[in-house]
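Good morning, and thank you for making time for this presentation.

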Amino acid sequence: MKIIIITQARYGSSRLPGKVLKRVNGKTLLQIHLERALKATNAHKLIVATTIEKEAEQIIAVAQELGLTSYQGSVDDVLDRFYMAAKNENADYVVRITSDCPLIDATIIDEVITACIKGGFDYCTNAIEATYPDGMDVEVIKFSALETAWKNASLKSDREHVTPYISRNSTIKRGEPFKAFNYKGKEDFSKYRLTVDEPRDFEVIRILVEALGEERGWRDYVDYLTLHSDIFEINSTITRNEGYMKSVEQDKLELRSITNFAKSDEYRKKIHNLIPGGAHTYSKGDDQFPALAPAAISHGKGAYVWDIDGNKFLDCSMGL
């Protein structure tokens, strides 16, 4: 059985450009991240998945100094970049981590891998119902599940963040077809931030590394923040997974902007001449939906329906 780790790393960032190349104690955050991830004993290879951008040369250089393979792919379609990095590795499982987590702990990586394989899961993570600090996120994905997501995911947020399609269609969310498991710790440390999204995050990481070094276990860093509440407070108000939430909001805006109802409008004219209100049940009439709405649904699957113009909708009205 072959298990590989792929870490995402790019220079661009709207909140903190070049964050993975910022230095603490003479090392870039990326180097610290990679050296810590390499200590995972359950994986056979570590790959850096970066972007096709000029600045990516610096990221590739850091990887090469550590003897690691790099793959360059799409800036925006991160799912495609991640899948392509894994495609030719013949891996059974792919572990996803991100380079904005400089203090990622190899012990947690190994634990989530073990839980995934022993349980026979398609997808295993410690980040859905989080008990570990932000910055310790690990996702283990069966390659066949990753390939399914790559082929079928269409939402922008699904393409930008790799695993939402798998998570949403997994047993964790009472979906299918993916069998999944959320790995939890014995205590809840989810309020702590050991990730780098904003300048305040970098300040916390800088203080921790300068005080404790870059080779300590995650609990040592959490204990330090517990004892030094003033440092904990520096970034404690930042929302977890803020980038993903922004992508979801963008999806909503794009879904609201559907304007192609040409076939529905033609159908609407005909059906209203035959049936008052356009439907034999008043609650199903199209005048009950004041926003843009289809006149006719052609088919449905699971929680989704499609109209005769090919638009896809989440069926919040449950058949009405």
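I begin with Pro177, which is located in the loop between helix H7 (164-168) and E9. Helices here are DSSP runs of H or I with at least four residues, strands are runs of E with at least two, and both are numbered from the N terminus. The peptide bond that joins Glu176 and Pro177 is cis, with omega at about 15°.

Before going further, a word on the source: this is a predicted model, in which local features need pLDDT of at least 70 and side-chain atom pairs count only at pLDDT 80 or more, while totals for chains, interfaces and linings use all residues. Residues are numbered from 1 along each chain as its sequence is written, and side-chain values use heavy atoms, with hydrogens and water left out.

Let me turn to the backbone. Most residues other than glycine have a negative phi, and most peptide bonds are trans. Val162 has a positive phi, near 70°, and it sits in the loop between helix H6 (156-161) and H7. Is Val162 buried or exposed? Its relative accessible area is 0%, so Val162 is buried. Buried means under 20% relative accessible area, exposed means over 50%, and partly exposed lies in between, with a 1.4 Å probe and protein chains only. Asn25 likewise has a positive phi, near 55°; its place is the loop between strand E2 (23-24) and E3. With a relative accessible area of 49%, Asn25 is partly exposed.

Now the chain as a whole. It has twelve helices and twelve strands, and of its 320 residues, 48% are buried. Along the principal axes, the C-alpha atoms fill a box of roughly 75 × 45 × 45 Å. Of the contacts between residues at least 6 apart in sequence, 69% join residues at least 24 apart; a contact means heavy atoms within 4.5 Å.

The next topic is the sheets. Seven strands make an open sheet with mixed pairing, in the order E5-E4-E1-E6-E8-E7-E9. Two strands are said to pair if DSSP finds at least two bridges between them. E5 and strand E9 (180-182) are at the edges with a single partner strand each, so one side of each has no neighbour in the sheet. From one strand to the next, the twist averages 20°; axes are lines fitted to C-alpha atoms, for helices over the stretch in contact, and angles run from 0 to 180 degrees between N-to-C directions. Within this sheet, strand E6 (residues 93-98) and strand E8 (residues 139-142) are antiparallel and share four bridges. Opposite Tyr93 stands Lys142 in E8.

A further open sheet has three strands in the order E10-E11-E12, with antiparallel pairing. Its edge strands, E10 (297-301) and E12 (312-314), each pair on one side only. Strand E11 (residues 304-307) is joined to E12 by three bridges, and Val305 has Phe313 in E12 as its bridge partner.

Let us look at helix H2. Which residues of helix H2 (residues 56-65) are buried? They are Ala56, Ile59, Ile60, Val62 and Ala63. Because they cover an arc of only 155° around the axis, they lie on the same side of H2; the arc is that of the directions from the helix axis to the C-beta atoms. The face turned away from that buried side carries the exposed residues Glu57, Gln64 and Glu65. The buried residues of H2 pack against strand E3 (27-28), helix H1 (29-37), strand E4 (45-51) and strand E5 (69-73). After H2 comes Gly67, with a positive phi near 75°.

I turn next to a pair of helices. The axes of helix H8 (residues 199-212) and helix H9 (residues 218-227) come within 11 Å and cross at roughly 110°. H8 and H9 are therefore roughly perpendicular to each other, a term that covers 65 to 115 degrees. From H8, the contact is made by Val204, Ile207, Leu208, Ala211 and Leu212, and from H9 by Asp220, Tyr221, Tyr224 and Leu225.

Finally, Phe189 lies in the loop between E9 and H8. Its relative accessibility is 11%, so Phe189 counts as buried. Leaving aside neighbours within four places in sequence, Phe189 is in contact with Thr131, Tyr132, Pro133, Trp218, Arg219 and Val222.

Terms used:
Angles under 35 degrees count as roughly parallel, over 145 as roughly antiparallel, 65 to 115 as roughly perpendicular and the rest as oblique.
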